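Biologist: I would like to learn how to read a model like this one. Could we go through it feature by feature?

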Amino acid sequence: MIVDIGYYAMLAAMALAFYSIIATILGISKNNQNLIQSGKNSLLIMFLMVLAAYLSLTYAFASDDFSVRFVAMHSSTDLPFYYKLTAVWGGMQGSLLLWQMILGFFTAVVVMRYRTTNHEILPHTMLVLSLISLFLLFLLVGWSNPFTRIFPVPAEGRGLNPLLQNPGMVYHPPSLYLGYVGFSVPFAFALGSLLRGKLDNNWILTTRRWTLFSWFFLTLGILLGANWAYIELGWGGYWAWDPVENASLMPWLTGTAFLHSVIVQEKRNGLKIWNMVLIFSTFLLSILGTFITRSGVLGSVHAFSRSNIGPAFLVFIAVVFVFSFSLLMYRQSRLVSESRSVSFFCKENSFLLNNIVFLVMTFTVLYGTVFPLLAEGLADKKLSIQAPFFNSIMTPLAIVMIILMGVTHLLGWKKTSTGPLIKNLAVPLLIAIVVMLLLTITAGASWQFFLLGLAAVFAGYIVIIEFVRSTRIRSGHRQESDGAKPSFLRSIILDKRRKGGLIIHLGIVFFAIGTCGNFFNQETSFTFAVGESKTFGRYTLVFQKIDRFQERNVRNEGIAIEVRQTGKTSRKITPVKSFYPTSPQPMTEVAIHRTLLEDLYVSLSSINQDGTATVVVYINPMVNFIWASMVLFLIGILYSLSYKPAQLRNVKT
Amino acid sequence: MFAAPNRLRMNAVRIILALLTLTIFLPTSSILLGEDLEDQVRDISHKLRCPTCQAMSVKESEAGLSLNMKNKVREMLEAGSSEEEILEFFVERYGEWILREPPKKGFNLVLWLAPLILILVIGFIVIRTLLRKTRTQKTPPVTPLTAEEQTKIEKDLNRFQSD
Amino acid sequence: MNRKTYFALGILLGCGILVTMIYGLFFASIPNEIPSAQIGKKAHAFSITTFSGQPVTLEGLKGKPVILNFWASWCVACRQEAHILERAHQRYTPQGAVFIGIAINDTREASLAFIRRFGKTYLLAPDDKTGSISLDYGVTAVPETFLIDKQGFIVKKVLGAVDRPTIEDFLNAQL
């Protein structure tokens, strides 16, 4: 019954999206405000319908309604309740519905939020958003309907893939989708203003927060996915350059480039066409990512079943590509960037370089990801392009990028006087070189470590100094309007935009330091018996006993290990093999002994018949810096979001 | 720009930062273990792709075939084979597919060279354009501010920039 | 390089990606099926001792077409093909073909149980301790079947459960 309501709600949502498109087109062509308003209203109702569909699918999961095929394939009665709720996005149909629900929500927010502003481009923007909705709803109704019934009704579901029974499953996909879908709002505004022919900077100012918001969630989603892989896949790493990971990285790269290049348009009226190209690419790449993930054209760790929605996605990508880029070409003569008189060392140019490096990075990731197809098509060869290729090209690019990130903070718009610039660069560079030379020589590490660390120290130094300076200028040299000096606390929250950027950049530095740790990863593997102890690095591992215990729906078979470290209290960790009722193969659940600077990461290979156990042990230094960067991104983005551009403060258009 | 005590304070911050960055890295330089052979086995098997699990390297995988391959690598190393010989052994049997990074020869150069060529071409265009722009649009020389102007500007800035 | 050239390049790139994706979706092989690097090459020599204690070498089988199957008792698709292989063996071995099954990553007991359960009677042997025969043949998963002609060259590799027509076509042409 409730499932039927969900299905009909989805149909109604599709009809409403369709109606909204027709009403908006007619409204625009006849200049009829009532029709446009009716189109907006129908989008609000569409969101409610999609929400109803989503909730009814959730209800089907919660109540173990195995008459729904999607539920029967992705859930089972033994599943803990909260995983039943998240199992909704454990398969393609459900995650498309989640996608559409988020898109519907954002569309509704756009309609409500800009009731009084943006009259000129809003109808065109709504048109773009409802076209995307129509496409997704069309897929949901026609190709991958989550409400399809199955008969006879199975007594038990197939169960959720054990890999997905992890807290990562709760946070990673929604966060990634918030990012992906969030970028469709700036995309819709960009395309909308092209359609309308209103080619000022309004769309960029209006969508600034959307862009920041989406960037944050995309970043968070990627990092949470990395964290999930680290905990769940058990090979000691967090990023494998797998096609699906690359698919999420590509829109991140172009999105980050966009985030920076819009500032040039906002401040200096430049890069107008380029910004359009970037937001179109970001949107297209996020759809392409979904296509790669779901169609199975490229092999991947992500055990998504191959599905038949590949062709539909491809058609959609082609249509969006052709339409948006030909419209851009048609309008290009009116998108004139103001001629800039700039010197060689200025912020404009550093942003340009930043964009170019991001572009090359995106190209490399895309090219490497699809190259196996090219090799097969052009040379009839089956090749593997995995981590070594990506690392060897992306590491130098990342080093350049991080150095550029540091330098940018010392540059001014238009022109920077070279004298102070050289002085400002020399100190951090010198410090970075000395620090890294010392570290590289004492640790006997490679020149790659030297360069990556150099970039990180250099940029980190500048970022921190600039942060201190921006606080100090506020508190020491400036006065409030009433003449009083702002307090220290107040100076922390002043100048939000600049500080937000600095904090996020500090997060990038943290991330870079975290990746530096990879050069010092250690790994060993040994077999030991109960009572025996093995030493690895600074740790002594004592095998205490074999430990069997039941946890939720899972039967665990593990070994209790005491980790001893001179001068510290010992800790107990338990790496296990987990047996899920619905999966024939056991899962390896690693145990991690975390300290601030390194992780002791223990993965149980096997418990042997003679009572001994074989484990693989890794020491992963600096990993926590990568997770810590998420916190900095959050703080930084809150700073940036709370800033409102001057042009928007008192303007109502 | 800054008064003398402030500069001193900035320098103090600089020194502290430098020291901090140093200490952050120190503990990572712990002693490497003396199991050279196993390290070599890991090193080589990390260059091979696991045939069963595919997304991982042989080193990272615990599938039966990967274990066999690791044993084979160890056996060959003990028999005195070099890394190239071992990789060649697997390529002969599994094809280039087994290498996680295609060798830089023949058709594969298309893979390796494209990003490099892209970087070179873009770099060339950009530097040329930027240089040309700076050359053609030389700004007139700027006369440095007098002390009076300087204080006036700072005062004005203070008034506008308290957001 | 003016704006038009940049646009043209961008569009070329976009079309390139689209064409690649269309190729990948409709024409390329399945990504996780790895073609053998050994088709048309001389089959690697091996010597085995069957579960019943009979020594066999590939050298000694010259002049006979060989169906070389890699299997394991824990593999599901191997059950599917067990009867197909056994029946083909009953029919073609008298005509001069040779059927060999090599068990990989398996225990002796489990292999024997599997043989009894499916009534296999052709030449069945375990791989050696390090699995070197399966590595020599570039086995990527079980089951895999290699068709070796009378001169000792590998003609074809079948991934997954082998079907009757494949074996029959090959042997009818060889015998």
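This is a predicted model: local features need pLDDT of at least 70, side-chain atom pairs count only at pLDDT 80 or more; totals for chains, interfaces and linings use all residues.

Biologist: How many residues of chain C are in contact with chain B?

Modeller: In chain C, 16 residues are in contact, and they meet 16 residues of chain B. The side of chain C that touches chain B consists of six nonpolar, nine polar and one charged residues.

Biologist: Now the helices. At roughly what angle do the axes of helix α14 and helix α15 of chain A cross?

Modeller: In chain A, helix α14 (residues 347–379) and helix α15 (residues 387–408) have axes that cross at roughly 165° and come within 10 Å. An angle over 145 degrees counts as roughly antiparallel, so α14(A) is roughly antiparallel to α15(A). The crossing of α14(A) with α15(A) is left-handed.

Biologist: Which residues make the contact?

Modeller: On α14(A) they include A:Leu353, A:Val357 and A:Met361. On α15(A), A:Phe390, A:Ile393 and A:Leu397 are among them. By class, the residues of the contact between α14(A) and α15(A) are 14 nonpolar, five polar and one charged.

Biologist: And the sheet? In what order do the four strands of the open sheet in chain A lie?

Modeller: The order is β1-β10-β9-β8, and the pairing is antiparallel. From one strand to the next, the twist averages 20°.

Biologist: Which strands stand at the edges?

Modeller: Those are β1 (522–528) and β8 (591–594) of chain A. Each has a single partner strand, so one side of each has no neighbour in the sheet.

Biologist: What joins β8(A) to strand β9 of chain A?

Modeller: Four bridges join β8(A) to β9(A), which spans residues 598–607, and the two strands run antiparallel. As for individual residues, A:Ile592 has A:Tyr601 of β9(A) opposite it.

Key: Residues are numbered from 1 along each chain as its sequence is written. Chains are lettered from A and ligands numbered from 1 in the order in which they are written. Axes are lines fitted to C-alpha atoms, for helices over the stretch in contact, and angles run from 0 to 180 degrees between N-to-C directions. Angles under 35 degrees count as roughly parallel, over 145 as roughly antiparallel, 65 to 115 as roughly perpendicular and the rest as oblique. A crossing is left-handed if the near helix is turned anticlockwise from the far one by less than a right angle, and right-handed if clockwise. Two residues are in contact if their C-beta atoms, placed from the backbone, lie within 7 Å. Ala, Val, Leu, Ile, Met, Phe, Trp, Tyr, Cys and Pro count as nonpolar, Asp, Glu, Lys and Arg as charged, and the others, Gly among them, as polar. Two strands pair if DSSP finds at least two bridges between them.
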